[in-house]
Amino acid sequence: MQPPTARDIEIIGRPEASAGVAVALAVASVSAGFPSPAEDYIEQALDLNDLLITNPPATFFVRVTGTSMIEAGIHPDDILAVDRSREARHGDIVIAIVNGELTVKELATTPVLRLIPRNSAYEPIVLREHDDFEIIGKVTGLVRRFR
Amino acid sequence: MFALVDCNNFYASCEQLFRPDLRHWPVVVLSNNDGCVVSRSAAAKALGIPMGVPAYQLKEAIVRHGVEVFSSNYALYADISQRVMRVLAELAPEVEIYSIDEAFLDVGGIADLAAFGRRLRATVRQWIGITVAIGMAPTKTLAKLANSGAKRFPATGGVVDLSDRERQRRLLRITPVEEVWGVGRRLSRRLRLMGIDTALDLGARDKGELRRRFSVTLARTAMELDGVPCFGLDEAPPPRKQVISSRSFGERVTSLAAMRQAVCAYTATACEKLRRGRQYARSMSVFLHTSPHAGTAYYGNAAHGSLPAPSGDTRDFHRLAGRLLDAIWKDGHAYVKAGVMLHDCCPMAPMQLSLLGTQGLHASDALMTAVDRINHSGRGQVFWANQGIDPSWTMFRNHLSPAYTTNWNAIPCVR
């Protein structure tokens, strides 16, 4: 069996499934002077998935509710791309399970393990060894649509 | 060397994936039409809820233990399955997708199998959140047994390397013969009469005798148990003498047009199953009946018909199914169930053609292969128009979870 390419495993609603909106951009910029040898050359159309997804099978999408991360620029109704294969480090924004709920917070590993809301009205969650929590993955992108 | 990777409690695990509140909770998934239990979480198994129990018998478990019940959410399972298969394809040289939650890998040339298995298992768990069991052995039949060993004995950590001959013998000795891949209950009854009780007995038996008294396939299965590979990737012992596709209707069917769509859909499903086992069939039957409990006059009937030559072509069986349905259809009844069965199955490859039927055979195989490949994900993107587009006979799915990974409006929420 050949390793599947992104196109082989199309699933409706998953961004890697989109054929990619063709946004062909000419590379050459407008400049006075000598013509660039690359002027006629058009690079491959841009695909937003390239920006958001590096590991498709491990990437999931979630929708934000609430304002606990508003000071990090994460608003209610934003869509986050979560890569479960990326190891989360101190300072990363992560998706975690705490008390049976999915939550988005900033991970702090020193001086103690904490999940930090980026909203001064909220208190950090200190994680102890026997707490029921799990770091699901690292948030690798954000999508927001405007009206 | 082969590995069989099998997802644990696959449907129930998919349901728990985006419901962290249910991670340690008893969860069951119901079959089509919310009929009976087809998947159970570990906690549901611990409560003693058996596989296959009808949904209406769960009421007490729901009230007493809060068991969470889901309808089959195929869009979700297909997506998670694709992700698992894709990770396997990245980490292993060759993959045969065997079912929605099982795959055989060719792991020849890997030095430390146990370490490879543990890495594979950890990766699938971390990347996707699904737990798998892995059995590895020199043949597919042994890998299948190694896999069930990995599931049954927690001390294995979900990974069993059965390349050692002595370990093979120890496992085969405690494996009843009916648990061997491709040996059904009927066949095992005959084997037990001959004193073949365990997998070890079967593997030790004279292969010529097995071939003469049973089939080439059983002889090959016995050789596989003995450590001699007979099935390559994409090869399996064809266990089927017939293929069945049948369901209870969500709403009673009273019109011939709706019934025709249903029967055509079941026929398409059965034919796909047939081809997946690399088989042709020669004849089929169609059956339907009303409810035996409804109080009104009961009517049930079945019709059987044959093709001029064995076929794997859905179109041949559609034509036949239409004629068979016409023969048994009676107006004025409210039908609760219908189905089709394909009989006289034979291997696809070498076969005799009827004098009339040689033309177009190649094109038919190519077309069916193309259709199956498109539909492989189980989401039915290509289907025969005679199945209908918005069928009223489709099933109940009263406990359906959201399409967490395949619909932007249904993705999980985080706080």
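# A tour of chains A and B

Select chain A to begin: one helix and seven strands are found there, where helices (H or I, at least four residues) and strands (E, at least two) are DSSP runs numbered from the N terminus. The model is predicted, so local features need pLDDT of at least 70 and side-chain atom pairs count only at pLDDT 80 or more, while totals for chains, interfaces and linings use all residues. Residues are numbered from 1 along each chain as its sequence is written, chains are lettered from A and ligands numbered from 1 in the order in which they are written, and side-chain values use heavy atoms, with hydrogens and water left out.

**Chain A**

Followed along the sequence, chain A has the pattern α-β-β-β-β-β-β-β. Of its 147 residues, 37% are buried, where buried means under 20% relative accessible area, exposed over 50%, and partly exposed in between (1.4 Å probe, protein chains only). Among the contacts in chain A with a separation of 6 or more, 50% join residues 24 or more positions apart, a contact being heavy atoms within 4.5 Å.

Next, select D92(A), in the loop between β2 (79–83) and β3 (93–98) of chain A. D92(A) counts as buried because its relative accessibility is 15%. A polar atom of its side chain lies 2.7 Å from the backbone nitrogen of R89(A), and the side chains of D92(A) and K138(A) make a polar contact at 3.3 Å. A polar contact here is a pair of N or O atoms within 3.5 Å; within protein, one must be able to donate a hydrogen and the other to accept it, and residues adjacent in sequence count only if both atoms are side-chain atoms. Leaving aside residues up to four places away in sequence, D92(A) touches E87(A), K105(A), E106(A), L107(A) and K138(A).

Then move to F60(A), in strand β1 (residues 59–64) of chain A. With a relative accessible area of 6%, F60(A) is buried. Beyond residues up to four places away in sequence, its contacts include L80(A), A81(A), V82(A) and R84(A), and also F18(B), I80(B), R83(B), W127(B), I128(B) and T405(B).

**The interface**

Now display both chains, and select the 32 residues from chain B and 38 residues from chain A that take part in the contact. Chain B and chain A bury about 3300 Å² between them, 55% of it on carbon and sulfur atoms; buried area is the accessible area (1.4 Å probe) that two parts lose on being put together, summed over both. In chain B, R86(B), V414(B) and R415(B) lose the most area to chain A, together 25% of what that side buries.

Across this interface there are 16 residue pairs in polar contact, both residues being at pLDDT 80 or more. On the side of chain B that touches chain A, α4 (74–91), β5 (94–99), α5 and β14 (413–414) each supply at least two residues, and α4(B) gives the most, with eight residues.

The interface also holds three salt bridges, each a side-chain nitrogen of Lys or Arg within 4 Å of a carboxyl oxygen of Asp or Glu. Select R23(B), which forms a salt bridge with E134(A), the closest N and O atoms being 2.6 Å apart. R23(B) also pairs in this way with D132(A), at 3.2 Å between the closest N and O atoms. This second pair runs from the loop between α1 (10–17) and β2 (27–30) of chain B to the loop between β6 (125–126) and β7 (133–143) of chain A. R23(B) counts as partly exposed at 22% relative accessibility, and D132(A) counts as partly exposed at 39%.

**Helix α5 of chain B**

Finally, select residues 113–128 of chain B. At 1.5 Å a residue, the 16 residues of helix α5(B) should span 22 Å, and the end C-alpha atoms are 22 Å apart, which agrees; the expected span is 1.5 Å times one less than the number of residues. Buried residues in α5(B) include L113(B), F116(B), L120(B), W127(B) and I128(B).

At the start of α5(B), a side-chain oxygen of D112(B) reaches to within 3.4 Å of the backbone nitrogen of A114(B). After the helix comes G129(B), whose phi is positive, near 90°.
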